[in-house]
Amino acid sequence: MYRPYAMKTALAALALTAVVAGGEVRANEICQAEFQPLITAHQEVMKQTQAAIPRGRPSSFEQAKANAQRACAALTTAQASFRRLQQWMTTNAEFCRLPEQIMNDVNTGVANITRNRTQACNGVAQLERQRRQAEAGGGNPFAPNAGRRPQLDLRTPGAL
């Protein structure tokens, strides 16, 4: 799922190398010296994120919660890595003559990771609410909540 972002950042590194190689030698040295460790660290974070994201359907509530927590933590780290990359590229775009497409790819990556992280971290809170509701005897799914329409949730915590 997250492999395309790792590939895009690798392509961004290659494109940066090609763009900077055509520019001044001094700019090339400075951009490469700063960008190479940054992109290497980012690619490692993305590999770890991909490895940490749970696959398959959990067999229990506890496993679902642990998977959501693991995904939330991994995506938080990935988001921070993308933001570091975005910050460096924004700061050095003109000096290093970065193409607009690279900037767009990184901005899209930040938006996608942020959305996925929000979903994963909200999933942890939702699972905790479902656990408390199940322990309390299920509650009344038809009782009106403040400002919300009543909803019937037919899923059970064990089915997640």
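Hi everyone, let me begin with a definition: helices (H or I, at least four residues) and strands (E, at least two) are DSSP runs, numbered from the N terminus. With that in hand, this protein has four helices and zero strands, and along the sequence the pattern reads α-α-α-α.

A word on where the values come from. This is a predicted model, where local features need pLDDT of at least 70, side-chain atom pairs count only at pLDDT 80 or more, and totals for chains, interfaces and linings use all residues. Residues are numbered from 1 along each chain as its sequence is written, and side-chain values use heavy atoms, with hydrogens and water left out.

Now the overall picture. Of the 160 residues, 36% are buried, where buried means under 20% relative accessible area, exposed over 50%, and partly exposed in between (1.4 Å probe, protein chains only). A contact here means heavy atoms within 4.5 Å; among contacts with a separation of 6 or more, 72% are between residues 24 or more positions apart.

On to the cysteines. How many disulfides does a search of the whole structure find? It finds two, taking a disulfide as a pair of cysteine sulfur atoms within 2.5 Å.

One of them joins C31 to C96, with S to S at 1.8 Å. C31 lies in helix 2 and C96 in helix 3, so this pair ties together parts that are 65 residues apart in sequence. The link of C31 and C96 is left-handed, with -95° about the S-S bond. C31 is buried at a relative accessible area of 1%, and C96 is buried at 2%.

Another disulfide joins C72 to C121, again with S to S at 1.8 Å. Here C72 sits in helix 3 and C121 in helix 4 (residues 100–135), 49 residues apart. The torsion about the S-S bond of C72 and C121 is about 90°, so this disulfide is right-handed. Both C72 and C121 are buried. If you number the bonded cysteines in sequence order, the pairing is 1-3, 2-4.

Next, the aromatics. Rings of Phe, Tyr and Trp (its six-membered ring) pair if their centres lie within 6.5 Å; planes under 30 degrees apart count as stacked, over 60 as edge-to-face and the rest as tilted. That rule gives one aromatic pair: F35 and W88, tilted, at 5.1 Å centre to centre with 35° between the planes. F35 is in helix 2 and W88 in helix 3 (residues 61–96), so the pair ties together parts 53 residues apart in sequence. Both F35 and W88 are buried.
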